[in-house]
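Dear colleague,

Please find below the structure that I am handing over to you, followed by an account of what was found in it. I would be grateful if you read the two side by side.

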Amino acid sequence: MTAERLDGKRIASEIREEIASEVAKHLALGHSQPCLAAILVGEDPASQVYVRNKERACEKAGIAGRTFRLPATTTQSQLLTKIEELNQDCSVHGILVQLPLPKSGNDGKGFDEREVLDAVAPLKDVDAFSPVNVGLLMQGRHRFLPCTPHGIVQLLHRYQISTSGKQVVVVGRSDIVGKPMAMMLAQRDGSCGSEVANATVTLAHSRTEDLAKICRTADILIAAVGVPEMIRGEMIREGAVVIDVGINRVGDRLVGDVHFEEAMQTASAITPVPGGVGPLTIAMLLHNTLLAAKLQATNNL
Ligand code: NDP
């Protein structure tokens with residue numbers, strides 16, 4: 001069997017076009033331009049690239065992107081003050097703090113990341129990291145959904161891959177990807193209805209015993225681990241759908257958490273790296289920014 005490649009880049013571009021057209025409608029109603037404010041602390045090269053990509057994506061969708069570049073010498077309290085200023089600024093609809101924050105920041109003590117992320121007003125929390133938005137997701141009455149898992153849900157929906165009644169194994173339990181992914185697919189009704197929900201979900205992690213055996217139970221296997229190519233062909237059930245979230249640099253190559261060539265022989269469909277999940281994450285950030293602008297415009301808070 002040779003698996004179908006699930007083209008995240010194409011789906012992301014489809015979603016971005018839809019958002020651009022929604023933004024135009026929003027403006028035509030007389031509302032102000034949706035605006036995403038990104039805070040970048042320090043000089044981390046990868047973070048600078050991510051923020052630039054987000055700025056470009058915003059521009060193409062008709063969303064204003066403002067980046068606040070703060071020096072690595074910024075203190076926790078200065079960063080919190082900046083966030084509060086943006087919380088109060090009515091022309092800013094979404095706020096994101098680019099991670100990771102530099103370890104050398106806050107007078108060499110490092111930042112309290114939890115406190116920083118919690119400081120973003122829940123109504124502007126387009127990364128959906130705030131406990132309020134996580135709580136709403138838990139209870140199945142979501143407002144903002146975390147961008148990477150939401151991108152995966154969109155991909156499954158648009159490829160008409162149903163998760164309802166299926167065995168889904170998520171490997172990795174981070175707050176950003178694994179945990180919310182598991183939660184979204186286990187809901188009765190998700191952002192794309194009941195078909196991309198209602199899964200029987202297993203959430204695996206570094207303490208999971210016999211990971212290979214558990215992975216082989218999956219109709220849909222989602223890897224969000226950060227270990228290059230650790231999911232091998234023999235860990236994949238024949239005909240499974242494989243979603244590879246991992247982005248790992250190995251020499252001059254970018255590879256996923258799944259051994260792509262081996263998976264191609266066993267899976268029925270797989271996301272490549274790059275060009276799979278990555279582009280969807282930014283598309284869903286734009287989606288959340290527009291949603292934030294709409295909610296704030298209609299005072300539907
Ligand atoms: P984290 O490091 O926060 O979490 C990794 C998870 O994987 C942890 O739960 C950890 O378990 C688990 N894990 C680590 N090693 C193993 C192992 N050997 N067996 C089983 N589980 C293991 O990572 P993220 O969730 O933030 O990111 C995961 C990957 O996804 C990274 O490559 C990252 O670059 C990529 N990523 C891609 C995005 C995209 O847009 N495509 C967006 C976000 C991330 P434990 O909890 O027990 O430590």
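Accessible areas come from the Shrake-Rupley method with a 1.4 Å probe, and for residues only the protein chains shown count as cover. On that basis the accessible surface of the protein chain comes to about 13800 Å², of which 52% belongs to carbon and sulfur atoms.

Please note that this is a predicted model, in which local features need pLDDT of at least 70 and side-chain atom pairs count only at pLDDT 80 or more, while totals for chains, interfaces and linings use all residues. Residues are numbered from 1 along each chain as its sequence is written, and side-chain values use heavy atoms, with hydrogens and water left out.

Overall form

The protein chain contains ten helices and eleven strands; these are DSSP runs (helices H or I, at least four residues; strands E, at least two), numbered from the N terminus. Its radius of gyration is 19 Å, close to the 19 Å that the globule rule gives for 301 residues, so the chain is as compact as a globular protein of that length. The radius is taken over C-alpha atoms, and the rule is 2.2 Å times the number of residues to the power 0.38. Along the principal axes, the C-alpha atoms fill a box of roughly 55 × 45 × 35 Å.

Of the 301 residues, 50% count as buried, where buried means under 20% relative accessible area, exposed over 50%, and partly exposed in between (1.4 Å probe, protein chains only). Contact means heavy atoms within 4.5 Å. Among contacts with a separation of 6 or more, residues 24 or more positions apart account for 72%.

The sheet

Six strands form an open sheet with parallel pairing, in the order E1-E11-E8-E7-E5-E6. Strands E1 (4-5) and E6 (200-204) stand at the edges with a single partner strand each, so one side of each is left without a neighbour in the sheet. Two strands pair if DSSP finds at least two bridges between them.

E6 pairs with strand E5 (residues 167-171) over five bridges, and Gln 167 has Thr 200 of E6 as its bridge partner. Helix H7 (residues 178-186) packs on the sheet and touches E5, E6 and strand E7 (220-223); the direction of H7 makes about 170° with that of E6. For such angles, axes are lines fitted to C-alpha atoms, for helices over the stretch in contact, and values run from 0 to 180 degrees between N-to-C directions.

E7 pairs in the parallel sense with E5 over four bridges, and with strand E8 (residues 241-244) over four bridges. Ile 222 of E7 stands opposite Val 170, and its bridge partner in E8 is Ile 243. In a regular strand the side chains alternate between the two faces of the sheet. In E7, Ile 220 and Ile 222 point one way, Leu 221 and Ala 223 the other way, and all are buried.

Two loop residues

Glu 195 lies in the loop between H7 and E6 and, at 44% relative accessibility, counts as partly exposed. Leaving out residues up to four places away in sequence, Glu 195 touches Ser 162, Thr 163 and Ser 164. The side chains of Glu 195 and Ser 162 are joined by a polar contact of 2.7 Å. A polar contact is a pair of N or O atoms within 3.5 Å; within protein, one must be able to donate a hydrogen and the other to accept it, and residues adjacent in sequence count only if both atoms are side-chain atoms.

Thr 75 is found in the loop between strand E3 (64-70) and helix H3 (76-88). Its relative accessibility is 16%, so Thr 75 counts as buried.

With kind regards
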